Amino acid sequence: MHTDRRFLLKSLAATGLAISGVGWGAWAQATPVAGLPSGAAPMDAAADVLALTSGLPASAGAGVLDSAFITGVRSAAQTVRHTALQGLDSAPFQRLGQLLGDERSTLLVGLLDDASATLVLDLVRSAGGRVLSEQTHRIDGDAAAWTQALGQALALGQPVPAAPMAAGATARVAFRCLI
């Protein structure tokens, strides 16, 4: 990503965070998923998992990948909350900032477009959170089974499965952070 584009994205996010007072309806409605499936490993340092996805339209193939990713995360973790970033909407970034400032440890896993991932990972790093893993993939809507396995692996802290390569697909960043 070019430095000019990165600077522009950071500026837009910072401006939105400074002037927005949007409520947290989507976050308040996020419900925990009870019960670990049989054979699943227990969570490591964090009791809660927050899963982030891009929230792109299903017509772009991203909706299928987002759903598969969340299914994988939920199959591996006791308590999962999910939010879709919806581009540069400031509300999810404000909530992430609040989570970074609280005393409770949360595992943050995500599959985002490269611009959103850059903003999220910069927020995590600047607040003292730990980026445990970060990978860039070029996948398309046909990679739903792999995306589900990716979500499960990130939630459990296991090695990430090899990604199918899709020529011409947009870059997606998978990450795992402790905040």
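Which residue, with a positive phi, follows helix 5? Helix 5 is followed by G128, whose phi is positive, near 90 degrees. The model is predicted, so local features need pLDDT of at least 70 and side-chain atom pairs count only at pLDDT 80 or more, while totals for chains, interfaces and linings use all residues. Residues are numbered from 1 along each chain as its sequence is written, and side-chain values use heavy atoms, with hydrogens and water left out.

**Helix 5**

- Helices (H or I, at least four residues) and strands (E, at least two) are DSSP runs, numbered from the N terminus.
- Helix 5 covers residues 114–126, 13 residues in total. From its first C-alpha to its last it reaches 18 Å, close to the 18 Å expected at 1.5 Å a residue; the expected span is 1.5 Å times one less than the number of residues.
- The buried residues of helix 5 are A115, S116, A117, T118, L119, V120, L121, D122 and V124. Buried means under 20% relative accessible area, exposed over 50%, and partly exposed in between (1.4 Å probe, protein chains only).

**Nonpolar cores**

- A nonpolar core is a set of buried Ala, Val, Leu, Ile, Met, Phe, Trp, Tyr and Cys residues joined through side-chain atoms within 4.5 Å.
- The largest nonpolar core has 20 residues, and V49, A51, F69, V73, V109, L150 and L154 have the most contacts inside it.
- At least two residues of this core come from each of strand 1 (48–53), helix 3 (62–76), strand 3 (106–113) and helix 6 (144–156).
- A second, separate core has 18 residues, including L85, L108, L121 and V173.
- V109 touches V49, L50, A51, L52, F69, V73, L154, A155, F175 and R176, not counting residues up to four places away in sequence. Contact means heavy atoms within 4.5 Å.

**Salt bridges**

- The whole structure contains 3 salt bridges, each defined as a side-chain nitrogen of Lys or Arg within 4 Å of a carboxyl oxygen of Asp or Glu.
- D48 and R104 pair through their side chains (2.6 Å, N to O). D48 lies in strand 1 and R104 in the loop between helix 4 (90–101) and strand 3, so the pair ties together parts that are 56 residues apart in sequence. D48 counts as buried because its relative accessibility is 6%, whereas R104, at 48%, counts as partly exposed.
- D66 and R172 meet in a salt bridge (3.0 Å, N to O). D66 is in helix 3 and R172 in strand 5 (residues 171–178), 106 residues apart, and both residues are buried.
- R125 forms a salt bridge with E134, with the closest N and O atoms 3.0 Å apart. R125 is partly exposed at 43% relative accessibility, and E134 is partly exposed at 43%.
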